[in-house]
Amino acid sequence: MSPEPRAPAEPREPDPRVRERDRRLSESTLWALQRRYFEREGVDAWRTMEVPHYVTCNPALAHSVALIVCGYLRDCLAAESRPGSEQPFHILELGAGSGRFGYLFLKAWLEQREAWGLAHVPVRYVLTDFTESNLSFWRNHPSLAPFVAQGLLDFALFDLERSATLELREAGRVLGPGSLERPLLVLANYVLDSVPQDAFHFQGGQVHACLATLTTESPEVDLGSEDALSHLRLELGRSPVADPTPYAEPEFNELLGDYARLVEDRTLLFPVVALRGMRRLAALSGGRLLLIAGDKGYVRDEELQGQQSPHMAVHGSFSLPVNFNALRRWFQRQGGEVLEPAHRQLSLPLVACMLGAPAAGTRESRLGFHLAFGGGGSDDFFRLRQGIQDHYGGLEFDQLLSLLRMSRHDCRILRDCMPVLSAQAEALTDVQRQELRDAVRRTWDNYFHIGEERDLAFEFALLLHLAGEVEQALALYQESLRLYGEDPRTRWNMALCLFRLHRQEEAAGCLARAWEVAPDFAPTRGLLIKGD
C-alpha cells in the first residue's frame with residue numbers, strides 16, 4: 001500500500017503587527033522615527049518635559065563640567081609651543097536641545113575662569129543640533145544674547161551621524177578637518193543614547209549580531225503618527241557573525257574581539273555612530289580632542305557581566321543605554337586617556353576621554369575631574385535630592401538654604417522647597433531675610449526660560465513678598481509679566497508691593513490694569529497665588 005502524499009503546508013499569513021524584521025539595529029527604522037520626532041517637536045520636546053533633561057541641565061553638573069574644562073585648558077596652555085595664540089578654544093555641545101545646559105555652563109565658566117588663571121584665554125562655546133528650529137530658538141533667546149555679544153557663544157548645525165564640517169553662524173566660519181590650531185572640547189549629555197547603535201551577543205567566544213524586529217500592538221498603528229514610537233516594541237534576535245570583521249574600521253572589530261574573550265552570554269550595545277562621530281570631530285583639530293559625556297549606561301568592566309537585552313525607554317523620543325566601556329576602550333586604543341569616577345554612578349555616568357593628550361601631561365585635567373567627582377559630585381547630589389525631596393518639611397530654614405547652595409542655586413530645588421520656605425518666611429530674622437533675598441536672586445539668575453507652563457518668576461516673587469522683601473519681589477513680578485503676559489493676580493500683588501514702597505500712583509495704575517485685563521476680578525484677601 002503506497003503512502004499518501006503529504007499535502008504542502010499552507011503558507012503562513014505575514015503578521016501585520018510586524019513592521020520590520022531582522023535588521024541591523026543601527027539601520028532600523030527606529031532611528032528615522034527618532035529624527036522625525038525631534039525635527040517636528042523642536043524645543044517643545046523639552047518645554048513640555050516629554051523628553052527628560054533635568055539630570056543633565058542643572059547648575060551642579062554645569063559647575064562640575066566647567067571644573068574639568070578649566071583643568072584641561074591649563075594642561076593645553078602648558079603644552080603650547082606658541083603661547084598666546086589668538087584662536088579660541090572651541091567647546092562644542094552636541095545635541096544641545098533647549099540650550100539650557102549651555103547657558104548654565106557659560107555662567108559656571110565665567111565664575112571659575114579667573115580663579116583658574118584663565119580669564120585671558122579666548123573660548124568659543126558652540127551650541128549645535130541637527131534641527132534648524134533649535135538654532136533659531138537659541139539665536140533669538142534674550143538670555144544668550146550677552147554671551148554672543150562678548151564673542152563667547154556661537155551656533156552651528158551638526159549631525160553626529162553625518163556631519164564632517166560645521167558652519168559657525170556668528171563667526172561666519174566653516175570648521176573642517178584641520179581647521180583648529182587648538183584641541184577641540186566636546187560635551188555630550190543625553191545625546192549618545194539617542195543616536196544609532198548596534199548590538200551583539202557574546203557566547204562561547206563567538207560574536208552574534210542582534211537583529212532588530214519591530215512590532216506594534218495592533219496593525220492599525222500608523223508609523224507616520226506623532227506618537228508612533230510609543231506603540232513600537234523592539235525585539236532583538238541573534239545571528240552568528242559570519243564575517244569576523246563586520247566593520248570597515250579595524251579597531252571596531254578589535255573591540256568586538258575583546259568582548260568575545262571578556263564576557264559570556266551577554267548582550268552589549270556598540271556605539272558605532274558615536275565612535276565614528278568622535279573620529280570626524282577629532283579630525284577638526286588634528287586628532288586632539290576632549291570628550292565629556294554623561295548618559296545612562298555602563299562604564300566599568302565588572303558592569304558588563306550584568307548586561308542583558310537592552311531596554312528601549314520611550315519618552316516622546318526613545319533612548320538606549322550607552323556602552324561607555326566601548327568608548328573608553330576605543331580612546332585608549334588610540335593612545336588616549338580616560339578619566340572616570342572612582343565610584344559607580346547611578347543617575348548619570350560621566351566620563352572624560354582625551355585624544356592627543358597635552359604633551360605636558362594631564363595633571364590639571366585630573367585635578368579638575370577630582371574636584372568635580374572625587375568626592376560627592378553632581379550624580380551623588382542628584383541621588384541625595386531624590387531621597388530627601390519628600391521630607392523638606394522637616395528641614396529648618398538654614399538647612400534648606402544649605403541644600404540650595406549645594407545645588408549651585410538650582411531653580412528646581414528652590415521650587416520644590418517653596419511650600420516650606422513660604423510657611424517660614426514671615427518669621428525670618430533680618431539676617432535670614434537677607435540670605436533668602438541673595439539666594440533667590442542667584443537662583444533666578446540661573447533660570448533659562450523655555451516657555452514652561454509653571455511661572456517660577458511669580459512663585460519666587462511671592463516668596464520674597466511673604467518675607468517682606470517687596471522691592472525684590474516687585475522686580476520678579478515684572479519678570480512674570482514679561483514672560484507670561486498680563487494676569488490680574490500679578491498686577492494685584494505688584495500693587496501691594498508698590499503701596500508698601502509708598503508709590504501709590506503706580507499702585508493705582510496696577511490695580512486699574514488688573515481690572516482692565518479682568519473686569520470681574522474681585523480679590524477677597526491679601527497676597528494672591530496663581531490658582532486662586
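## Helix pair α16 and α18

In this predicted model, helix α16 (residues 456-466) packs against helix α18 (residues 488-500) at an angle of about 30°, and their axes lie 12 Å apart. Angles under 35 degrees count as roughly parallel, so α16 is roughly parallel to α18. The crossing of the two helices, α16 and α18, is left-handed.

Which residues make the contact? From α16 come Phe-458, Leu-462 and His-465. From α18 come Arg-489, Thr-490, Asn-493, Leu-496 and Cys-497. By class, the residues of this contact between α16 and α18 are four nonpolar, three polar and one charged.

## The seven-stranded sheet

Seven strands form an open sheet with mixed pairing. Their order is β4-β3-β2-β7-β12-β18-β17. Which are the edge strands? They are β4 (153-157) and β17 (337-339), and each pairs on one side only. From one strand to the next, the twist averages 20°.

## Strands β2 and β3

Within the sheet order, β3 is written between β4 and β2. Strand β2 covers residues 89-93, and strand β3 covers residues 123-129. How many bridges join β2 to β3? There are five, and the two strands run parallel. Phe-89 stands opposite Val-123 in β3.

## Helix α5 over the sheet

Helix α5 (residues 132-139) lies across β3 and β4. The helix runs at about 165° to β4, the edge strand made of residues 153-157.

Note on methods. Residues are numbered from 1 along each chain as its sequence is written. This is a predicted model: local features need pLDDT of at least 70, side-chain atom pairs count only at pLDDT 80 or more; totals for chains, interfaces and linings use all residues. Side-chain values use heavy atoms; hydrogens and water are left out. Axes are lines fitted to C-alpha atoms, for helices over the stretch in contact, and angles run from 0 to 180 degrees between N-to-C directions. Helices (H or I, at least four residues) and strands (E, at least two) are DSSP runs, numbered from the N terminus. Angles under 35 degrees count as roughly parallel, over 145 as roughly antiparallel, 65 to 115 as roughly perpendicular and the rest as oblique. A crossing is left-handed if the near helix is turned anticlockwise from the far one by less than a right angle, and right-handed if clockwise. Contact means heavy atoms within 4.5 Å. Ala, Val, Leu, Ile, Met, Phe, Trp, Tyr, Cys and Pro count as nonpolar, Asp, Glu, Lys and Arg as charged, and the others, Gly among them, as polar. Two strands pair if DSSP finds at least two bridges between them.
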